[in-house]
Amino acid sequence: MVSSSNEPRRVVGALIRDPCDRIFVQRRSAGRRLFPGCWDIVGGAVEQGEPLLEALRREIAEETGWRLRHVLARVAHEEWTADGLRHIESDYVVEVDGDLSSPELERDKHTEFTWITADGVTLLDESTRLSGSTFIKDVVTAAHTWLAGDSGKEHRAP
């Protein structure tokens, strides 16, 4: 999607929620160029001309085999830089259809997965140490904060 060095790459992220309000994370393989061995949320780059929510739908299917059911809220819209390239990332709390106990991980990209409760976000401190960034912990925490404040309310897309 990058047409010049000044134009940021658009990125989407899915904070996939299960019925117990846990958030899905997956560990990046050790061979990944960016953030090797770190926990991550589902997501990736938006293709040229692709609407954000279509990119979100595509990334969820590619990385887990699940299908996007509902977008509940956008909880982050941040800019970050990696390898000298600016990224603008929009992260959404979502619900999906599929067997939540058995995601179809892209094994060359992700080695394991887990579901994180609001009390379990300290697991992500390991990734903070590896990457030097609190970004993933911050967005998972934002998702849990939104879920805690939204319990019992009707869910609406952004």
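Guide: Two residues are said to be in contact when they have heavy atoms within 4.5 Å of each other. What you see is a predicted model, in which local features need pLDDT of at least 70 and side-chain atom pairs count only at pLDDT 80 or more, whereas totals for chains, interfaces and linings use all residues. Residues are numbered from 1 along each chain as its sequence is written, and side-chain values use heavy atoms, with hydrogens and water left out.

Among contacts in the chain between residues at least 6 apart in sequence, 67% join residues at least 24 apart. With that background, let us look closely at Ala 14, which lies in strand S1, residues 9-16; here strands (E, at least two residues) and helices (H or I, at least four) are DSSP runs, numbered from the N terminus. Ala 14 has 0% relative accessibility and therefore counts as buried, a word that means under 20% relative accessible area, with exposed meaning over 50% and partly exposed in between, for a 1.4 Å probe and protein chains only. Once its neighbours within four places in sequence are left aside, Ala 14 is in contact with Ile 41, Val 42, Leu 56, Ile 60, Tyr 92 and Val 94. The C-alpha atom of Ala 14 is also separated by 5.8 Å from that of Asp 91, although these two residues are 77 apart along the chain.

Turning from this residue to its setting, the chain has 3 helices and 7 strands, and along the sequence they follow the pattern β-β-β-β-α-β-β-β-α-α. Three of the strands form an open sheet in the order S3-S2-S7, with antiparallel pairing, where two strands pair if DSSP finds at least two bridges between them. The edges of this sheet are strand S3 (39-40) and strand S7 (110-116), each of which pairs on one side only. Strand S2 (residues 23-28) runs antiparallel to S3 and is joined to S3 by 2 bridges, and Gln 26 has Asp 40 in S3 as its bridge partner.

As for the whole, buried residues make up 42% of the 158 residues in the chain, and the C-alpha trace spans about 45 × 35 × 25 Å along its principal axes.
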